[in-house]
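Here is a short briefing on one protein chain. Please look over the model first, then read the notes by topic.

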Amino acid sequence: RALAGQYNVRELVYDPWRFGQAAQELEREGMLVVAFPQHDARMIPASARLHAAVVEQRLTLPSDRELARHAADAVARHNRREWRIDKPNPRANIDAVIALAMAVERAGQKPEPVELLGWL
């Protein structure tokens, strides 16, 4: 809420696992909220898009100790499908990197163009 008062927040992207109630409250207050479950089907492409943005230098981390710690703790976890950003152990905190991956993925989403098929 404080950041929305200070910045032009276009949408809030959230993981419904623990943020569902807060998202409903913010939506009632007029904020655009978008659920982004953190399962493989969503996080594998988001991880790849974040990696590409960093490698291609379209995105760099600001000088922030906490964000740098989250980034340093993140690992690439390979599974049967691909790889995704993950924690090396349950105690690691990589929430900022996960949030960044979700934001980069949403920013890259372009709506499909509307095509007129006929008149009714």
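At what angle do the axes of helix α3 (residues 40-55) and helix α5 (residues 95-107) cross? They cross at roughly 90 degrees and come within 8 Å. That makes α3 roughly perpendicular to α5 (the class for 65 to 115 degrees). Axes are lines fitted to C-alpha atoms, for helices over the stretch in contact, with angles from 0 to 180 degrees between N-to-C directions.

This is a predicted model, in which local features need pLDDT of at least 70, side-chain atom pairs count only at pLDDT 80 or more, and totals for chains, interfaces and linings use all residues. Residues are numbered from 1 along each chain as its sequence is written, and side-chain values use heavy atoms, without hydrogens and water.

**Confidence**
- The protein chain has a mean pLDDT (the predictor's confidence in each residue, from 0 to 100) of 91.
- In this chain, 98% of residues reach 70 or more.
- Confidence is lowest in helix α1 (residues 2-6), with a mean of 89, and highest in strand β4 (residues 83-86), at 96.
- Helices (H or I, at least four residues) and strands (E, at least two) are DSSP runs, numbered from the N terminus.

**Where α3 meets α5**
- From α3, the contact (heavy atoms within 4.5 Å) uses M43, P45, A46, R49 and L50.
- From α5, it uses V97, I98, L100, A101, M102, V104 and E105.
- These residues divide into ten nonpolar, no polar and two charged.
- Ala, Val, Leu, Ile, Met, Phe, Trp, Tyr, Cys and Pro count as nonpolar, Asp, Glu, Lys and Arg as charged, and the others, Gly among them, as polar.

**Nonpolar cores**
- A nonpolar core is a set of buried Ala, Val, Leu, Ile, Met, Phe, Trp, Tyr and Cys residues joined through side-chain atoms within 4.5 Å.
- The largest one has eleven residues, including F36, I85 and I94.
- Both α3 and α5 give two or more residues to this core, and α5 supplies the largest share, five residues.
- Another core, of five residues, lies apart from it and includes Y14, L26, M31 and V33.

**Single residues**
- S47 lies in helix α3 and counts as buried because its relative accessibility is 0% (buried is under 20%, exposed over 50%, partly exposed in between; 1.4 Å probe, protein chains only).
- Beyond neighbours within four places in sequence, S47 is in contact with W83, R84 and I85.
- V13, in strand β1 (residues 12-14), counts as partly exposed at 23% relative accessibility.

Technical notes: Parallel < 35°, antiparallel > 145°, perpendicular 65-115°, else oblique.
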